[in-house]
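Open the model in your viewer and keep the sequence panel beside it. The stops below are given in the order in which to select them.

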Amino acid sequence: MEGPIMIKTEKVLHLNSSKGRKVRVVREHYVREQVPCGSSLCQADCLNDGKVLSGDVTHYVVPDVGVVRDFLEILEFRELQGIVFTQTAYQSVQHTRGRRHYNRLRALLKDPRHDCVLFANEFQQYCYCPRDKGESQDKWHTRNVYNAAVWYYNHLAGLQPVVMITEDNDAISEFSALNSGVYVISTREYLLSFWPDLQAAHDLYNSIAQTLQERESEGVEKVYTEHLPAEVLEAGIKSGRYIQGILSVNKHRAQNEAFVRYEGSASKNTELNSDVLINGAKLRNRAVHGDMVVIELLPRNEWKGRTMALTEGQGEEQPLEETQSQPMPSGRVVGILQRNWRDYVVTFPPLEEVQSQSRNSQKILVIPWDYRIPKIRISTQQAEALQDQRVIVRLDSWESTSVYPSGHCVRVLGKAGELETEIQTILLENCIHVPPFSEAQMCYYKKMPVNTEENRWQMASSEVSSRRDLRDTHLVFSIDPKGCEDVDDTLSVRTLPGGKRLELGVHIADVTYFVREGSLTDLEARSRATTYYLADRRYDMLPAVLSADLCSLLGGVDRYAMSVLWELDAETLDVCTVWYGRTLIRSSYQLHYELAQSLLNGEEVEVPELSQLKGSQRDQKLAKLLQALETLTRVARHLRAQRDKGGALELEGVEVRAQLDEEKNITALVPKQPLEVHETVAECMIYANHWVARKIQESFPHQALLRHHPPPKQDFFNHLIDCAKARGFSIDTRSNRALADSLEQAVDPQDPLVNRLLRMMATQAMSNALYFSTGACPEEQYYHYGLALDRYTHFTSPIRRYADVLVHRLLIAAIQLEKEGSLSKPLASNKELEELAQHINNKNRVMKLQDKDSKTDERCVADAVIYAVRANGFLAFIPQYGVKGAVYLKDREGQVVSVDGDGRCEWKAGTLQRYPDRISSCTSTGTHTFYLFSHVTVRISVEPSRCHADSLCLELVSNKPHCPVQPESQPAGRGRSELVQEVVRRAEEASLQAERGRKPKLSREERQFRQSRTPNLYVLLQEISELALLDLSVCQITNTEEQTCTASS
Ligand SMILES: [Zn+2]
């Protein structure tokens, strides 16, 4: 016989149409004898290319259609191995559960870290059975899955036990009686018998099972209007009747106010140049913050205004007097294109409430940590036990008959208020997934290169011969913050023979040599995308043997690098030639900023690398180093001046870093001195990033990963322009150059804070810089507004950022293309690259969000400056701590702030009057006016919250400055470090008190980081996470790239 035999049959499917109608589809169906089994134990000669199941497990498991549909989350546990997904289950999920669920299953099957395969059982002649007359679709599916399991067992000649799991009890008794060798059991029994210790899976099972049970008894009364079907939405968007955008809920008015950002030219509705307001829950129609929605504009007479009054942080249920701005375009949600649900951290309501709620039903309304997410209905019998816990909940559905969405518990995080719980909460709420170490991961760490005392890592001879060797020719050094372990970047500079040319070199860790594309390390790094720094710990993108050792360009050891070398005219500093390539380096000096600056200042300092040397030898080396530093400074000044001419912006940034002792305790937060050498290093990195961007874009005009910073929308500058005007300055925002110049001019000699505040407002008006693929964006949009460069990318931090890893690969490909005229491996397509760019953008946005809410824990009095006026108060900036907040002039009883002769404030009956640049309170004692930029005294306190993050409260103490403004009396951030020290001290005291009398049992983390578990440390942590993020990864988290390294006062 020749070729595979194909037998034609018919397959009848019943699908749901988008309108909810049942549709009968008849498909021709071909079966054949040879279908790959995907197991390494295969006893036949299956063509198993791609992923295969490990033979090294105790059994294989075949989940039924219903199990894959409802309990996929359990199958996602990495502990579960040897899973055979049948084509029957796979297709059924596609038809019944929608794209999100289907994509998760696909991702699971693709992920090499999960031991599971897809078996095309319906094409296998001996597996497939046509549907019997009168047989229900579910029964038929289950029979097919069972047949597949039996086939599998026989195909492997009984070498491996096979278990089928199903939720169909009839099937269990029917198939169990057949004695085919395949065990048929329920999911619950499977978990109990095979995974008795995997508690998380048991909990998740119970939670999902309960939710499924509840769903059967739902009400029918409609609370919301139905969403329109997808094809109607699409047609509506095309015709301009509907608008598509991302729903963004106002955190301070979460119940009522949400906006949809209208997306540029995507809409035909030309009248629109602002966001669209979605007012109230009815019009929001079950859309959740972050969803991609479709809206319809309301008629003009129904438009509402933005609320201009300040609202309390948790002011959810609070009635507010309506103080609205001009009516703005308003709309209603008619459909949802894509849900953007994630895992949410929630808290259970207080016990009394639980009892009253659960009298009527099994459902409990839990409160998400994120204000923007509505309460979620979940079914659980553990409401009492979970009282003080933070729990992760996943949303399942939001029917039009239900006021709130329904979800189920996934996992308990821990007791609210405990440090570890709160850290996990912050990470989760920011979509940072740092999965705990699993077996699979430990395996992949074992494959890492080794560098130990007994077993020294050595360079491969093939690499030594193929790379340009700079070890003897170039004086290479690094300049980093004190105590930096992951040295991404090093520098060199020298005068070339003849003296007419200089050579500047930037040498970056050659991470891609160690992290091969598609390897497990690569996949893990890609899903992490960046290194996350919290004050006392970090979550690395790469394993430590790479990030802190073999990739790190440490002093005195041989390392692989990716180098960019520029030959510059020694006089004009114009670029003559540029060389890119792989090199060998050995860094001579591992300097820190303060040391490098002291050397430049001509101070007498000890360079550790030279401490063993004596006399002239030492002097010679020192002179050579100093000369290099001086030349570098001169080059960097020139480069900076070039960019300044182009309109580079210098914006407001916070400059503090956490100082850790040897045991990684936080000892203090120290202000970073504004040193020129910071700028020098940053400038060289910007230069390298710029030239690499040029190189890869030239080589790959349609698939290079670049980074751009779109110019801000002009109306975002209105606040800045108005505020500056109130102070007599005019700000020109027509270009970055004009903005930079006019900000430079807007200086009040009496009050340096004015300029700082204006720069802060300018920063806020900016959009974020974003990664993009050159094929996805017209060339005129490549421009980086903040840096004033026509091309930019990220090349210089491959240890900490995944984007840089991609760029390294592109650069290597570009060099190869130039040398050999072809590529050994195809590049990622534009589309793939664009998807990756999106992924990294999301991760980075998350990092930025993390640092938004600053909190402090000390009750204290401080000076504040008014920077925006609202209907019932103003927003103030506290320079001492670098935090912002709302100050109310009207309380809940309607009383307003009155000021006595000494400037002290108290509450009295009266009224408020708001003007563009000031707000007046009118009481029996007279009228008191608060102007933009005036200084007042406030008391700062922290409002604890049970369900959410603690929030900062500012209370007006006096309308006079707290202490007279003394320009440069103390460096910015100094007070903040004292504040944090104070909090650390109090936390330690509290924990001492708590621990006294009983033997402290420290967890591994606690021993490692010596952090106590008291609630107020949490606040400290948030504070510090912001600072540490800012300091250690400035390039990723500030709005406008590296120039925020510069001074802030
Ligand atoms: Zn086989």
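Start by selecting Arg467 and Tyr513: Arg467 lies over the face of Tyr513, 5.6 Å from the ring centre. A charge counts as sitting over a ring if NZ of Lys or CZ of Arg is within 6 Å of the ring centre and within 35 degrees of the ring normal. Next select Arg694, which lies over the face of Trp691 at 4.0 Å from the ring centre.

Before going on, note that this is a predicted model, in which local features need pLDDT of at least 70 and side-chain atom pairs count only at pLDDT 80 or more, while totals for chains, interfaces and linings use all residues. Residues are numbered from 1 along each chain as its sequence is written, and side-chain values use heavy atoms, with hydrogens and water left out.

Now turn to the aromatic pairs, of which the whole structure has 17. Rings of Phe, Tyr and Trp (its six-membered ring) pair if their centres lie within 6.5 Å; planes under 30 degrees apart are stacked, over 60 edge-to-face, and the rest tilted. Select Tyr90 and Tyr102, a tilted pair with 5.3 Å between centres and 55° between planes. Tyr90 belongs to helix 3 (residues 87-96) and Tyr102 to helix 4 (residues 98-110). Helices (H or I, at least four residues) and strands (E, at least two) are DSSP runs, numbered from the N terminus.

Tyr90, at 15%, is buried, and so is Tyr102, at 12%.

Then select Phe119 and Tyr152, an edge-to-face pair with centres 5.5 Å apart and planes at 75°. Phe119 is in strand 5 (residues 116-119) and Tyr152 in helix 5 (residues 137-155), so the pair ties together parts 33 residues apart in sequence. Phe119 is buried at 0%, and Tyr152 is buried at 1%.

Finish at Asp488, in the loop between strand 21 (476-480) and strand 22 (489-495). Asp488 is buried, with a relative accessible area of 1%. Which residues does Asp488 touch, leaving aside neighbours within four places in sequence? Its contacts (heavy atoms within 4.5 Å) include His507, Leu553, Thr796 and Arg800.

Key
Buried means under 20% relative accessible area, exposed over 50%, partly exposed in between (1.4 Å probe, protein chains only).
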